[in-house]
Amino acid sequence: MTSETWTAVDEYLTRLLVPADPALDEAQQAAAEADLPPISVSPPQGKFLHLLARIAGARRILEIGTLAGYSTIWLARALPRGGRLISLEFDPKHAGVARANIARAGLSEMVDVRVGRAIDSLPALERDEPFDFVFIDADKPSTPDYFRWAMKLTRKGGVIVVDNVVRKGGIVDASGADGDIEGMRKFLAQLAQQSGASGSVLQTVGAKGYDGFALIVV
Ligand code: SAH
Ligand code: DHB
Ligand code: MG
């Protein structure tokens, strides 16, 4: 099986299960036009996150790593009326593209994109109500720090999802680990020891290659 097959299957599944959607399609187009890296979740993955947030009955969502707001739009659409999503993004250019995309999707009222290093924005969230759902998808070396914060900020019974935890299988080879892989290995070791949380990892293939999601219930 080749990555060509993975991409073909992703396209087939997208055609069947993820109908064309102006807000999402324009968000990806705007991201490409602004030269943002093409690293958002795929359409089937975006819908998958949306369904997870609905299963969790999420009313308050935290996202770490906004990029152009593609995953943000999928997640915000899982919210009930009066729900809220806070998304943390370091790069002001990314945040600008994301805010325009979120506005086009009619979600500006529910979504707050906060610009700055996530590690600097997270402490202020402790003063608010806890989150029902947290999606961690920013700089990979900081994932252990983000997971520590997510454990503090998520209510009991809440859900944490972490993207890119498998990195083409690189996580099994400690010797060849770069900073991203090292971050994920540390996060997984931390998860294994974490009291008050139960997690697993699903390996994924698709148009974005070979990677995986961690799913954690607090
Ligand atoms: N969740 C998005 C993809 C996020 S890509 C989607 O699926 O659509 C990762 C994002 O994290 C990038 O936009 C990058 O600028 C941002 N990022 C990198 N380092 C960061 C940091 N220290 N704090 C907050 N965001 C950061
Ligand atoms: C890459 C993919 C991602 O989903 C991400 O959040 C960051 C980087 C990548 O393929 O490089
Ligand atoms: Mg990602």
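The model is predicted: local features need pLDDT of at least 70, side-chain atom pairs count only at pLDDT 80 or more, and totals for chains, interfaces and linings use all residues. Residues are numbered from 1 along each chain as its sequence is written, chains are lettered from A and ligands numbered from 1 in the order in which they are written, and side-chain values use heavy atoms, with hydrogens and water left out.

Figure 1. Distant parts of the chain are linked here: Asp 137 belongs to the loop between β4 (131-136) and α7 (143-153), and Asn 164, 27 residues apart from it, to the loop between β5 (154-162) and α8 (179-193). Helices (H or I, at least four residues) and strands (E, at least two) are DSSP runs, numbered from the N terminus. Asp 137 has a relative accessible area of 13% and Asn 164 one of 7%. Asp 137 therefore counts as buried, and so does Asn 164; the classes are buried under 20% relative accessible area, exposed over 50% and partly exposed in between (1.4 Å probe, protein chains only).

**Figure 2. Surroundings of ligand 2.** The residues around ligand 2 are Ile 39, Asp 137, Lys 140, Asp 163, Asn 164, Arg 167 and Lys 208; a residue is near a molecule or strand if one of its heavy atoms lies within 4 Å of it. For the side chain of Lys 208, the distance from an N or O atom to an oxygen atom of ligand 2 is 2.6 Å. The corresponding distance for the side chain of Lys 140 is 2.9 Å, and a polar side-chain atom of Arg 167 is 3.4 Å from an oxygen atom of the ligand. On its own ligand 2 has 300 Å² of accessible area, of which the protein covers 72%. Accessible areas come from the Shrake-Rupley method with a 1.4 Å probe; for residues, only the protein chains shown count as cover.

**Figure 3. Ligand 1 and the largest pocket.** Among the 22 residues around ligand 1, those that come nearest are Gly 65, Ser 71, Glu 89, His 94 and Asp 137. Helix α4 (70-76) and strand β2 (84-89) each contribute at least two residues to the shell. A polar backbone atom of Val 41 is 2.9 Å from an oxygen atom of ligand 1, while a polar backbone atom of Ala 118 is 2.9 Å from a nitrogen atom of the ligand. The side chain of Asp 137 places a polar atom 2.8 Å from a nitrogen atom of ligand 1. Of the 580 Å² that ligand 1 exposes when taken alone, the protein buries 89%. Ligand 1 takes up the space of the largest pocket, and ligand 2 also sits in the largest pocket. On a 1 Å grid over the protein atoms alone, a pocket is an open set of points with protein on both sides within 12 Å along at least five of seven lines, whereas a cavity is a set where a 1.4 Å probe fits but cannot get out; lining residues have an atom within 4 Å of a point. A molecule sits in either if more than half of its atoms lie within 2 Å of its grid points.

**Figure 4. Ser 40 and Asp 35 in the loop between α2 and α3.** Ser 40 lies between α2 (22-33) and α3 (43-55) and is buried, at 15% relative accessible area. Its side chain makes a polar contact of 2.8 Å with that of Gln 28. Asp 35, in the loop between α2 and α3, is exposed, at 67%. Although not a glycine, Asp 35 has a positive phi of about 65 degrees. Most residues other than glycine have a negative phi.

**Figure 5. Arg 167 in the loop between β5 and α8.** Arg 167 is a residue other than glycine with a positive phi, near 45 degrees. Its relative accessibility of 27% makes Arg 167 partly exposed.

Methods:
Polar contact = N/O pair within 3.5 Å; in protein donor to acceptor, adjacent residues only side chain to side chain.
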